[in-house]
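Here are some exercises to work through with the model open beside you. Try each task yourself before you read its solution.

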There are 2 protein chains.
Amino acid sequence: MSVVIEPRVLKGFRDILPDQELERLRIVGILQQTFSMFGFVPIDTPILEYSEVLLGKGGGETDKQVYRFNDQGGRDVAMRYDLTVPFARFMAAHRNELYVPFKRYHIGKAFRGENTQRGRYREFMQCDFDIVGTETLSADLEIVVMIDAAFQAIGVDRLTIHVSHRGVLNELLASLGVGKYGVEVLRTVDKLQKIGADQVKAKLEDLIGTQAATAVLAFITATGTNDAIVKQMKELVPNAAADIERLRQIVAITGDLGTGNRVVIDTSITRGLDYYTGIVFETFLDDQPAIGSVCSGGRYDDLAGLYTKERLPGVGASIGLDRLMAALEDLPRHRAAAAVDTLVVCVDPALTGHYHAVARDLRAEGLRAEVFLEPRKLGQQFAFAERKGIATAVICGPDEIAKGRVNVRNIATRESAEGLTLADAAAWIQATVRKRA
Amino acid sequence: MSVVIEPRVLKGFRDILPDQELERLRIVGILQQTFSMFGFVPIDTPILEYSEVLLGKGGGETDKQVYRFNDQGGRDVAMRYDLTVPFARFMAAHRNELYVPFKRYHIGKAFRGENTQRGRYREFMQCDFDIVGTETLSADLEIVVMIDAAFQAIGVDRLTIHVSHRGVLNELLASLGVGKYGVEVLRTVDKLQKIGADQVKAKLEDLIGTQAATAVLAFITATGTNDAIVKQMKELVPNAAADIERLRQIVAITGDLGTGNRVVIDTSITRGLDYYTGIVFETFLDDQPAIGSVCSGGRYDDLAGLYTKERLPGVGASIGLDRLMAALEDLPRHRAAAAVDTLVVCVDPALTGHYHAVARDLRAEGLRAEVFLEPRKLGQQFAFAERKGIATAVICGPDEIAKGRVNVRNIATRESAEGLTLADAAAWIQATVRKRA
């Protein structure tokens with residue numbers, strides 16, 4: 001075939017190159033490790049499901065963005081567009097094989113054919129974690145503490161988790177006699193950061209009248225210490241004392257547990273979705289406020305009502321890994337680690353077996369050791385090491401091999417050391433790699 | 001909504017429950033770690049691509065199994081059905097950003113709407129690793145050594161890697177004057193294990209005549225030590241001396257590097273695909289011969305000819321993770337590890353903050369510690385621990401907390417110890433967990 005096909009990818013999709021994928025695997029590994037320390041267990045679900053299962057019997061706004069088609073067997077199928085709906089279906093399907101409270105995490109790809117502006121991808125990596133089958137304060141605060149622990153483990157210690165309680169806002173709307181406008185009010189309030197207090201107020205006035213709008217605005221703009229905000233909430237919504245007390249306790253206990261002042265009450269947090277009924281939260285990186293929340297979630301009354309009559313209340317959160325990784329890239333401390341520690345160069349192809357033996361022995365010392373696979377000029381091999389971010393090289397010809405010794409070289413500084421034993425070479429490489437990191 | 005939707009999954013697709021997913025993550029983690037020790041780097045590519053890119057301009061047998069549709073923008077798209085074609089496209093697209101030899105691994109899902117009998121899934125997890133941009137012996141033997149290292153790391157030491165060289169078989173066919181029947185001969189020979197020598201011979205006789213069939217059969221049924229087979233190969237195909245010598249060296253050097261007698265020459269290995277041109281290999285578990293090869297691959301002349309005029313020779317292999325995991329499940333030593341080390345039970349919900357503090361401190365000792373999130377009867381909480389496979393429990397009421405002490409319990413034996421410091425409790429738990437493992 002003489003005409004080649006252009007190796008392009010679809011709009012909104014992308015290849016992940018090694019440095020970026022290494023960093024993604026590092027973050028994912030830390031998240032998995034953190035979740036497992038808290039007793040969360042992993043699951044997976046299919047990327048392709050029956051459309052009826054993912055979309056319900058009706059239609060909706062989401063539907064237009066969903067990749068949906070008929071498969072070879074004529075089934076109406078769709079690619080998952082989040083990890084929440086499949087989890088609901090999963091819980092309904094496997095309820096008898098599982099125990100509650102059930103704490104799961106799920107890290108995987110989801111697909112939405114949405115507008116690709118503003119760094120959104122049509123294929124994106126989602127990380128969800130939930131506790132279902134319990135309504136306790138204990139579960140609520142565990143989710144908050146675990147979010148904090150996960151970010152600390154990633155190396156991000158400057159973050160703030162903003163927490164509120166949807167029950168309080170719902171009660172406020174009910175007491176103002178505008179409960180039926182709940183969903184619209186929530187969506188308007190959710191835009192506070194984006195469009196500002198004045199515009200929110202104007203929209204609310206159109207929706208629920210001046211008096212109610214004033215009260216809602218007073219509520220969502222409450223400021224001060226956590227205690228001060230609790231006091232204002234109690235004054236503004238006296239009927240929601242139990243919910244406010246729960247919110248106060250969550251913030252107080254997580255603080256005692258070591259989150260310090262990283263958990264704050266923020267009444268402007270509502271989460272747009274009518275799904276939530278209890279605490280709601282968003283997580284902001286102090287050094288990257290512009291990118292918005294990197295981890296959001298809350299408590300819901302019932303996860304899987306679409307698939308089972310058993311009520312499954314829960315609390316959970318979601319990390320958009322693409323957005324988080326983009327944010328981390330901009331933080332100077334989060335430079336990707338090198339993929340390999342040392343390159344065993346090829347001086348003479350007749351010694352190929354020896355080079356692989358040297359690499360094997362260095363690996364036994366815990367080093368990531370790569371053999372250069374071709375007999376190229378030494379300068380080209382060092383250039384390869386530089387290109388791949390490998391800090392050191394191990395060089396040996398027939399003389400060194402006969403003596404069981406090797407020479408080592410720092411690729412960047414060109415410093416070298418000669419005639420080392422393999423154990424000494426391993427130590428030299430380790431020291432050099434550590435110095436550069 | 002009163003009518004619930006049945007929470008079913010598509011035929012050939014499946015949910016992965018926690019125990020199985022934990023084991024999969026464990027295997028994947030070991031593979032990633034092994035690959036990185038050899039200097040391989042990870043990449044990812046989209047699950048959805050242009051159909052033209054995945055399937056070429058023509059049609060083919062594979063096409064019928066591919067999930068292909070028109071997206072919202074009217075593009076003809078398809079879900080990837082392997083990781084090889086996307087890798088070829090990737091190399092052509094990013095050639096200028098990469099260095100060669102380029103060593104990558106890729107672990108991800110692929111999709112084929114094929115017959116679901118015999119434990120095949122329509123969504124399956126593939127693990128590919130390749131070295132492209134070099135034709136050396138050094139690259140060939142590195143792939144073989146790394147396969148052995150990966151299985152050793154997983155804990156499977158009873159395996160045999162069967163290696164042959166396609167160049168030798170091709171030369172044999174050429175010398176017999178039946179080179180043009182190459183593809184059909186390969187496919188027939190590939191069935192040797194399944195249909196036996198007699199049937200293969202009959203089919204070959206139909207295809208290339210009695211004399212040639214006899215010679216081919218003599219070649220593919222050569223037996224004995226590696227050296228003995230090399231001798232037979234040289235006699236049968238004297239014109240392929242260079243390829244035979246390379247095969248001999250690969251087996252000899254990998255043996256010296258520590259693969260022992262786990263790498264053997266097996267002239268019946270051909271791999272059905274006409275894609276391969278050099279060494280070819282298949283990997284069998286000695287205790288599970290019936291499941292067939294768990295890791296197969298070989299050397300090819302050109303990876304990405306469909307997308308670029310630059311020739312990219314390489315060598316690589318593929319592990320079918322679903323088949324491997326099924327095989328491991330049947331090996332008694334490979335029982336899934338417990339997900340959690342200890343359960344901090346809830347005696348009094350007023351002490352919720354203390355329970356989370358105890359768990360936090362146990363995590364700091366390296367334990368996976370879960371807090372029971374509801375104030376249920378102790379017996380129910382112990383039953384939960386048993387169900388989730390948690391070996392121990394930590395129990396503390398107001399008295400213990402006042403004294404900074406805890407009680408611990410072995411869930412299975414009901415042994416307990418009282419009034420321990422947290423450090424002693426952590427040691428007790430660690431010892432109990434280790435004993436049970």
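**Exercise 1. Find which residues of helix H11 of chain A are buried, and what covers them.**

*Solution.* Start with the helix itself in this predicted model: H11 of chain A runs over residues 321–330. Next, apply the cut-off: a residue counts as buried when its relative accessible area is under 20%. The residues that pass are A:Leu321, A:Asp322, A:Leu324, A:Met325, A:Ala327 and A:Leu328. To understand the spacing, recall that an α-helix has 3.6 residues a turn, so residues three or four places apart point the same way. Finally, look around the helix for its cover. You will find, among others, helices H1 (18–37) and H4 (137–154) of chain A. Strands take part as well, including E5 (102–111), E6 (123–132), E9 (276–285) and E11 (314–320) of chain A.

**Exercise 2. Repeat the search for helix H11 of chain B.**

*Solution.* Go to residues 321–330 of chain B and pick out the buried ones: B:Leu321, B:Asp322, B:Leu324, B:Met325, B:Ala327 and B:Leu328. Then list what lies over them. The cover includes helices H1 and H4 of chain B, together with strands E5, E6, E9 and E11 of that chain.

**Exercise 3. Describe chain A as a whole.**

*Solution.* Begin with secondary structure: chain A has 15 helices and 16 strands. Its C-alpha atoms fill a box of roughly 90 × 55 × 45 Å along the principal axes. Now turn to burial, where 56% of the 437 residues of chain A count as buried. For the surface, chain A exposes about 18,000 Å², with carbon and sulfur atoms supplying 48% of it.

**Exercise 4. How much area do chain B and chain A bury between them, and how many salt bridges cross their interface?**

*Solution.* First count the residues in contact: 108 of chain B touch 108 of chain A. The size of an interface is often given as the accessible area lost when the parts come together. Here the two chains, B and A, bury about 9,200 Å² between them, and 63% of that is on carbon and sulfur atoms. Then look for charged pairs, and you will find eight salt bridges across this interface. As an example of a salt bridge between the chains, take B:Arg89 and A:Asp15, at 2.6 Å from N to O.

**Exercise 5. Are the partners in the salt bridge of B:Lys109 and B:Glu123 buried or exposed?**

*Solution.* Check the distance first: the side chains of B:Lys109 and B:Glu123 meet at 3.5 Å, N to O. B:Lys109 lies in strand E5 and B:Glu123 in strand E6 of chain B, so the pair ties together parts that are 14 residues apart in sequence. Then read the accessibilities: B:Lys109 has a relative accessible area of 10% and is buried. B:Glu123, at 8%, is buried too.

B:Asp76 is partly exposed at 32%, and B:Arg68 is partly exposed at 43%.

**Exercise 6. Which residues are linked in a network of salt bridges with A:Glu21?**

*Solution.* Follow the links across both chains. The network joins A:Glu21 with A:Arg24, A:Lys109, A:Glu123, B:Asp44 and B:Arg80.

Definitions and conventions: Residues numbered from 1 in each chain as written. Chains lettered and ligands numbered in written order. Predicted model: local features only at pLDDT ≥ 70, side-chain atom pairs only at ≥ 80, totals over all residues. Heavy atoms only, no water. Helix = DSSP H or I, 4+ residues; strand = E, 2+ residues; numbered from the N terminus. Buried < 20%, exposed > 50% of the residue type's maximum accessible area, 1.4 Å probe, protein only. Areas by Shrake-Rupley, 256 points an atom, 1.4 Å probe, with all protein chains shown as cover. Contact = heavy atoms within 4.5 Å. Buried area = accessible area lost by both parts, 1.4 Å probe. Salt bridge = Lys/Arg side-chain N within 4 Å of Asp/Glu carboxyl O.
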